[in-house]
Amino acid sequence: MSEILKEQQAEIKKTASASGEGGKSVGLTSEIPASIIAESENSLPMVAMKGLVIFPNIATSFNVGRPKSLAALNRAQESTKNIFLVTQRDRSIDDPNPQDIYTVGVVCKIKRMFHFEGNVSVHIEGLKKTKITEYVTTE
């Protein structure tokens with residue numbers, strides 16, 4: 001395993017609080033202005049993307065159907081409307097663990113959500129590239 005990958009994995013600290021169907025939040029480090037993530041104390045709901053890479057300053061839409069992803073979107077929608085999107089390494093995994101997810105993703109602003117037939121179509125705008133520092137399981 002490369003030294004860089006070992007360093008990245010060493011930076012991920014797994015912590016657990018009350019676990020439930022709420023999914024994961026992540027602690028973040030970046031140059032994001034404090035006003036963007038101040039309410040969440042540097043922690044945002046996270047969605048692991050299957051086969052989709054999100055970039056800063058790009059607007060795009062995608063569909064979400066996994067219960068944990070829907071819960072994360074709902075938490076983001078109820079608070080700052082900011083969510084952390086990160087690509088998972090293997091798109092065939094339905095419930096990815098931290099080692100299945102890349103450590104760098106993008107903080108995004110949720111612009112619109114459309115509910116249809118058990119799925120949600122989400123329109124987002126990428127704000128800033130960010131690195132995961134910690135995983136926190138939430139209710």
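This is a predicted model: local features need pLDDT of at least 70, side-chain atom pairs count only at pLDDT 80 or more; totals for chains, interfaces and linings use all residues.
Me: In what order do the elements of the chain run from the N terminus on?

Reply: Read from the N terminus on, the elements run α-β-β-α-β-β-α-β-β-β.

Me: R66 is buried yet has no salt bridge; which is the nearest side chain of opposite charge?

Reply: Leaving aside neighbours within four places in sequence, R66 is in contact with A48, K50, Q88, I93, D94 and P96. A salt bridge requires a side-chain nitrogen of Lys or Arg within 4 Å of a carboxyl oxygen of Asp or Glu. For R66, the nearest side chain of opposite charge is 5.4 Å away, and it belongs to D94.

Me: Why is strand β5 described as largely enclosed by the rest of the structure?

Reply: The strand covers residues 82–87. N82, F84 and V86 point one way from β5, whereas I83, L85 and T87 point the other way, and all are buried. Strand β5 is therefore largely enclosed, the number of its six residues that are buried being six.

Me: Which residue is the bridge partner of L85 in β6?

Reply: L85 belongs to β5, which pairs with β3 in the parallel sense over four bridges; in that pairing, V47 stands opposite L85. Strand β5 is also joined by four bridges to β6, residues 104–116, and these two strands run antiparallel. The partner of L85 in β6 is V106.

Me: How far apart are the C-alpha atoms of L70 and V120?

Reply: Apart from neighbours within four places in sequence, L70 is in contact with V64, G65, G118 and V120. Although L70 and V120 are 50 residues apart along the chain, their C-alpha atoms are separated by 7.7 Å.

Me: Is I58 buried, partly exposed or exposed?

Reply: Together with V53 and F55, I58 makes a nonpolar surface patch of about 290 Å². Buried means under 20% relative accessible area and exposed means over 50%. The relative accessibility of I58 is 43%, so I58 counts as partly exposed.

Me: What is the phi of N57?

Reply: Most residues other than glycine have a negative phi. N57 lies in the loop between β3 and β4 and, at 64% relative accessibility, counts as exposed. Its phi is positive although N57 is a residue other than glycine, with a value near 65°.

Me: In which loop does K81 lie?

Reply: K81 has a positive phi of about 65° although it is not a glycine. K81 is partly exposed, with a relative accessible area of 35%. Its place is in the loop between α3 and β5.

Technical notes:
Residues are numbered from 1 along each chain as its sequence is written. Side-chain values use heavy atoms; hydrogens and water are left out. Patches are made of residues with over 30% relative accessible area and no salt bridge: like charges are joined within 9 Å, nonpolar side chains (Val, Leu, Ile, Met, Phe, Trp, Tyr) within 5 Å. Accessible areas come from the Shrake-Rupley method with a 1.4 Å probe; for residues, only the protein chains shown count as cover. Buried means under 20% relative accessible area, exposed over 50%, partly exposed in between (1.4 Å probe, protein chains only). Contact means heavy atoms within 4.5 Å. Lys and Arg count as positive and Asp and Glu as negative; His and the chain ends are not counted. Two strands pair if DSSP finds at least two bridges between them.
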